[in-house]
Amino acid sequence: MDFWGTILVLFRRWYVALPAFLAAVGAAFYAYSTIPVTYTTTAVLVLTAPTSGGTLPPDPDQPIPRVNPLLNFDHGLDVAASILISVMSTPDMVAAMGVTSGGPTTYAVTNGTNNLESLATGPLVFVEGESRTPEEATRIARKAIDRIEQELDVRQRQVQAPEGTYITISEAVPPTTPAPQQGRKLRSAASALGLGVIASLCGAFAAESLSGPLSAALARLRRRGQPPAPERELVTSSKTGE
């Protein structure tokens with residue numbers, strides 16, 4: 001059916017389409033007004049190697065240089081950043097950070113993209129905190145940064161890296177001022193309105209498709225309720241004779 005045919009159906013079945021559309025508008029307004037605004041803050045951490053590199057110079061007592069295993073790669077800092085991103089994204093770590101599923105406060109540690117399965121493209125770790133208040137968003141972002149620093153220290157101790165070769169981490173971009181995010185509100189309202197419009201179209205076309213069979217069925221019922229033709233003639237003749 002073309003565009004004007006659809007408009008004609010909606011015009012004929014306005015008593016179905018209009019209430020459904022008004023209900024959709026009401027649902028969209030309700031979704032927009034009830035979903036709270038969230039605030040988001042972001043920070044960028046940079047991993048750096050010591051100025052002496054990842055190897056301690058040999059001495060008479062230790063002729064073999066000691067190497068930091070995390071820096072014994074072509075892209076050692078990238079690998080270390082990927083390890084931290086993976087650790088901070090596990091369900092156990094999320095629970096340890098006090099974040100619950102569906103809760104108002106969340107955080108994310110990424111490599112700057114949505115593809116968390118790929119290795120970091122540089123020694124950068126992106127931290128994002130989100131909550132319903134600016135203070136809580138900043139708090140969870142700061143807590144994630146502190147935990148990242150702790151995990152980096154733990155991982156270097158686990159591989160027995162020399163302390164003089166430890167990778168350090170610093171804030172290239174400190175947590176920004178939390179900004180309100182209304183994308184979730186707008187998406188919910190648009191979804192409710194879209195579903196309502198679809199419902200109004202379906203209702204109008206359903207009423208249009210059922211109008212013919214219903215009219216025919218009502219006509220048959222009316223015919224069945226009338227007396228046969230001879231009886232109608234006798235009734236008419238008797239009334240005339242009177």
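1. Glu171 and Arg142 are joined by a salt bridge, at 2.3 Å from N to O; the term requires a side-chain nitrogen of Lys or Arg within 4 Å of a carboxyl oxygen of Asp or Glu. Arg142 belongs to helix H5 and Glu171 to strand E6, so the pair ties together parts that are 29 residues apart in sequence. Helices (H or I, at least four residues) and strands (E, at least two) are DSSP runs numbered from the N terminus. Glu171 is partly exposed at 29% relative accessible area, and Arg142 is partly exposed at 31%. Here buried means under 20% relative accessible area, exposed over 50%, and partly exposed in between, with a 1.4 Å probe and protein chains only.

2. This is a predicted model, in which local features need pLDDT of at least 70 and side-chain atom pairs count only at pLDDT 80 or more, while totals for chains, interfaces and linings use all residues. Residues are numbered from 1 along each chain as its sequence is written, and side-chain values use heavy atoms, with hydrogens and water left out.

3. How many salt bridges does the rule give? The count is five. One of them links Arg147 to Glu151, with the closest N and O atoms 3.1 Å apart. Both residues lie in helix H5, four residues apart, about one turn of the helix. Arg147 is partly exposed at 21% relative accessibility, whereas Glu151 is buried at 9%.

4. Asp153 and Arg157 also form a salt bridge, at 2.9 Å from N to O. They too are four residues apart in H5, a separation of about one helical turn. Asp153 is partly exposed, at 27% relative accessibility; Arg157 is exposed, at 54%. Shared partners join Arg147, Glu151 and Arg155 into one network of salt bridges.

5. Which residue with a positive phi follows H5? This is Gln160, with phi near 55°. Gln160 is not a glycine and lies in the loop between H5 and E6. At 65% relative accessibility, Gln160 is exposed. Most residues other than glycine have a negative phi, which makes this a place to look at in the model.

6. The largest nonpolar core has 24 residues, and those with the most contacts inside it are Leu47, Tyr107, Val125, Val127 and Ile148. Such a core is a set of buried Ala, Val, Leu, Ile, Met, Phe, Trp, Tyr and Cys residues joined through side-chain atoms within 4.5 Å. E1, H3, E4, E5 and H5 each give two or more residues to this core, and H3 gives the most, seven. Ile148 touches Leu45, Leu84, Met88, Val109, Val125, Val127 and Ile169, leaving aside residues up to four places away in sequence; contact means heavy atoms within 4.5 Å.

7. A nonpolar patch lies on the surface, formed by Trp14, Tyr15, Leu18, Phe21, Leu22, Val25, Leu193, Val197 and Leu201, with about 790 Å² of accessible area together. Patch residues have over 30% relative accessible area and no salt bridge; nonpolar side chains (Val, Leu, Ile, Met, Phe, Trp, Tyr) are joined within 5 Å, and like charges within 9 Å. Helices H2 (14–34) and H6 (183–225) each supply at least two of the residues, with the largest share, six, coming from H2. Leu18, in H2, is partly exposed at 43% relative accessibility.

8. Over the whole chain there are seven helices and seven strands, in the order α-α-β-β-β-α-α-β-β-α-β-β-α-α. Of its 242 residues, 30% count as buried. Among contacts with a separation of 6 or more, 75% are between residues 24 or more positions apart. The chain exposes about 15200 Å², of which carbon and sulfur atoms supply 61%; areas come from the Shrake-Rupley method with a 1.4 Å probe.
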